[in-house]
Each structure stands twice: as structure tokens, then as C-alpha cells.
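These are my notebook entries on a structure that I looked up one feature at a time.

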Amino acid sequence: MDSAVIAAIVSVLGAGFLAMLFFFMRGIRADMADLRTEIRSLRVEMQAESAALRAEIAAVRAEMQGMRSDIAALQQTVARHDGILSQLGRQNGTAAA
């Protein structure tokens, strides 16, 4: 074979290889761009979910604070009733004697 033919074949194969490499690299680049877009949208969704969870936690904390004050008021009422019952019990004890 003539060296010119060999050089032409090598050149064509090299050019084909480079074209395939370029094609695959473009595909990989497009896939990476798609992944970046998906990651950005997931980040936005996660931030929205995180904000919603924080708001819900704050609402639960506020509700618990209200429950604590209700419980404290109930404890005071029970203590007052205990005092009244104790006093009535003493009065009944002295009246029966």
C-alpha cells in the first residue's frame, strides 16, 4: 500500500474518532446541564419544605406554650379546690366532734 493511502485512512479514522468523541462529550455536557437543573429545582423544593416545617414547628411550639399555661391554670384550680376540701374536712371533723 502506498503511504498516502495509509495516511488518508489514518486521517479518516482519526477524524471519525474525534467526531465520535465530540458527539459523546456533547451528550455528557447536556446530561450534566440537565442534572444541574434538576438539582436546582430539588434545592428549591427542599428549601420550601424546610420553611414549611419550620413554620409548623413554630406553630406546635406556640400551641404547647398555650397548653402549658392552661395546665398551670388547672393546677392552681386543683390546688385551690384541695384547700377548700381540706378546710371543709376540718370543719366537718370539728362539727362532728
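Entry 1, aromatic rings. Before searching, I noted the rule: rings of Phe, Tyr and Trp (for Trp, the six-membered ring) pair if their centres lie within 6.5 Å. Planes under 30 degrees apart count as stacked, planes over 60 as edge-to-face, and the rest as tilted. I also noted that the model is a predicted one.

How many aromatic pairs does a search of the whole structure find? I searched the whole structure and found one aromatic pair. The partners are Phe23 and Phe24, whose ring centres are 5.7 Å apart. Their planes stand at 65°, and because an angle over 60 counts as edge-to-face, I recorded the pair as edge-to-face. I wrote down both values because a pair of aromatic rings is described by the distance of the centres and the angle of the planes.

Are Phe23 and Phe24 buried or exposed? For Phe23 I read a relative accessible area of 57%, and for Phe24 a value of 52%.

I next asked which residues make the nonpolar surface patch. Phe23 and Phe24 belong to this patch, together with Phe17, Leu18, Met20, Leu21, Met25, Ile28 and Met32. I noted its area as about 980 Å². I then looked at Phe17, which lies in helix α1, a helix covering residues 3-96. Phe17 is exposed, with a relative accessible area of 53%.

Which residues form the positive surface patch? I listed Arg29, Arg36, Arg40 and Arg43.

From Glu38 to Arg90 I counted 52 residues in sequence, and the C-alpha atoms are 76 Å apart in space.

Finally I turned to Val12, a residue of helix α1. Val12 is exposed, with a relative accessible area of 59%. How far apart are the C-alpha atoms of Val12 and Gly66? I recorded 81 Å for these two residues, which are 54 residues apart along the chain.

Technical notes: Residues numbered from 1 in each chain as written. Predicted model: local features only at pLDDT ≥ 70, side-chain atom pairs only at ≥ 80, totals over all residues. Heavy atoms only, no water. Buried < 20%, exposed > 50% of the residue type's maximum accessible area, 1.4 Å probe, protein only. Patch = residues over 30% accessible without salt bridge, like charges linked within 9 Å, V, L, I, M, F, W, Y side chains within 5 Å. Areas by Shrake-Rupley, 256 points an atom, 1.4 Å probe, with all protein chains shown as cover. Salt bridge = Lys/Arg side-chain N within 4 Å of Asp/Glu carboxyl O. Helix = DSSP H or I, 4+ residues; strand = E, 2+ residues; numbered from the N terminus. Lys, Arg positive; Asp, Glu negative; His and termini not counted. Charge placed at Lys NZ, Arg CZ, Asp CG, Glu CD.
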